[in-house]
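Open the model in your viewer and keep the sequence panel beside it. We will go stop by stop, with something to select at each one.

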Amino acid sequence: MEILRTPDSAFDNLPGYKFQPNYIQIQNLRMHYVDEGKKDASETVLLLHGEPSWSFLYRKMIPPLAAAGYRVIAPDLIGFGKSDKPNDPEFFSYQSHMDWLKEFLIGLDLKNVTLFCQDWGGLLGLRLAAENQERFSRIVAGNTFLPTGDIPPKEDFLKWRHFSQNVKRLSIGTIVKNGCVSELSKEIVAAYDAPYPEESFKAAARKFPALVPITPDDPASEPNRKAWEILKTWKKPFLVAFSDSDPITKGGDIFFRRIVPGTKGQKHVTIANAGHFLQEDKGEELAEVIKGFITNNP
């Protein structure tokens with residue numbers, strides 16, 4: 001296995017993405033993260049991306065959240081964005097991503113965290129919060145879930161899973177574009193492609209769909225069930241902010257509201273005219289939702 005690192009020049013002049021890079025060593029891997037706002041702020045907002053995006057997805061949300069006085073952290077998961085990219089798909093597992101993210105959380109000693117998670121950001125982040133409750137104050141979930149394999153997956157997801165594992169060239173930017181309602185410029189599409197100059201850089205992106213638990217005996221199923229047991233008792237503020245145009249996660253917001261006690265009494269929202277990547281379609285609006293949620297739940 002080779003650990004690949006995208007040249008810094010690939011990230012020059014990306015539209016709207018002018019953030020200073022930060023790095024932390026996670027085992028023998030370099031993990032990148034955006035760290036904006038006051039480092040000593042009393043509130044930290046942790047923004048977790050999913051498949052197959054990277055922290056560029058949060059470029060519209062980071063500035064207004066930082067301007068509101070929060071410390072804003074947006075990491076690139078291992079294998080994505082500016083983080084190191086092992087080129088062997090078998091190197092990646094659900095648990096390895098959990099271990100890396102937990103080490104990141106503890107390595108930066110993040111506390112009083114408001115989590116926003118979407119797609120795989122929720123598959124990892126919801127479990128991260130459940131397993132490290134003392135570090136999290138609030139959760140905002142958008143277009144995500146925490147699957148255990150006990151509920152059969154939707155046909156749309158199975159089609160995506162099959163496509164991702166069999167297509168010769170995984171076109172990251174086009175996938176993000178197709179998951180949006182708004183029309184993305186060629187420059188934006190190119191920015192999502194920027195971390196991946198060759199197919200060998202996409203091992204993590206290609207592997208992620210195959211790691212989603214779709215059977216009850218998946219290795220991740222039992223740890224996720226244990227996380228659900230914690231979330232079923234989660235009384236800290238929990239907001240759902242799903243979009244209105246995502247067939248993959250549609251209905252998940254209702255499930256959270258039925259199961260998680262912390263959702264009671266919150267001003268849940270549906271982001272209109274937004275697809276799966278609601279941060280790209282309606283990032284500024286989503287940032288305002290998060291700011292209001294924190295203000296209303298001191």
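**Stop 1: D119**

Select D119, in the loop between β7 and α3 (120-131). Helices here are DSSP runs of H or I with at least four residues, strands are runs of E with at least two, and both are numbered from the N terminus. This is a predicted model, in which local features need pLDDT of at least 70, side-chain atom pairs count only at pLDDT 80 or more, and totals for chains, interfaces and linings use all residues. Residues are numbered from 1 along each chain as its sequence is written, and side-chain values use heavy atoms, leaving out hydrogens and water.

Is D119 buried or exposed? D119 counts as buried because its relative accessibility is 14%. Buried means under 20% relative accessible area, exposed means over 50%, and partly exposed lies in between (1.4 Å probe, protein chains only). Now check the backbone: phi of D119 is near 55 degrees, a positive value in a residue other than glycine. Most residues other than glycine have a negative phi.

**Stop 2: Q118**

Step back to Q118, in strand β7 (residues 113-118). Q118 is buried, because its relative accessibility is 0%. Show side chains: Q118 makes a polar contact with the side chain of Q279, at 3.1 Å. A polar contact is a pair of N or O atoms within 3.5 Å; within protein, one must be able to donate a hydrogen and the other to accept it, and residues adjacent in sequence count only if both atoms are side-chain atoms.

What else does Q118 contact, leaving aside neighbours within four places in sequence? The list includes L48, H49, G50, L57 and Y58. Also among the contacts are G142, N143 and T144, as well as H276, F277, L278 and Q279. Contact means heavy atoms within 4.5 Å.

Next, draw a distance from Q118 to R5. They are 113 residues apart along the chain, and their C-alpha atoms are separated by 25 Å.

**Stop 3: N112**

Select N112, in the loop between α2 (94-107) and β7. N112 is not a glycine, yet has a positive phi of about 50 degrees. N112 has a relative accessible area of 27%, so it is partly exposed.

**Stop 4**

Go to the loop between β4 (44-48) and α1 (62-67), where P52 is found. Select E51 as well: a cis peptide bond joins E51 and P52, with omega about -10 degrees. Most peptide bonds are trans.

R59 lies in the loop between β4 and α1 too. R59 is buried, with a relative accessible area of 8%. Which side chain makes a polar contact with the side chain of R59? That of E280, at 2.8 Å. Leaving aside neighbours within four places in sequence, R59 is also in contact with P15, G16, Y17, F19, I188 and Y192, among others.

**Stop 5: V189**

Select helix α6 (residues 186-193) and pick out V189. V189 counts as buried at 12% relative accessibility. Not counting residues up to four places away in sequence, V189 touches G173, T174, K177 and L184. Then take the C-alpha distance from V189 to L170: 13 Å, for residues 19 apart in sequence.

**Last stop: the protein chain**

Zoom out. The protein chain has 10 helices and 10 strands. Its radius of gyration is 18 Å, close to the 19 Å from the globule rule for 298 residues, so the chain is as compact as a globular protein of that length. That radius is taken over C-alpha atoms, and the rule is 2.2 Å times the number of residues to the power 0.38. The C-alpha trace spans about 45 × 45 × 40 Å along its principal axes.

Colour by burial: buried residues make up 58% of the 298 residues. Of contacts with a separation of 6 or more, 79% are between residues 24 or more positions apart.
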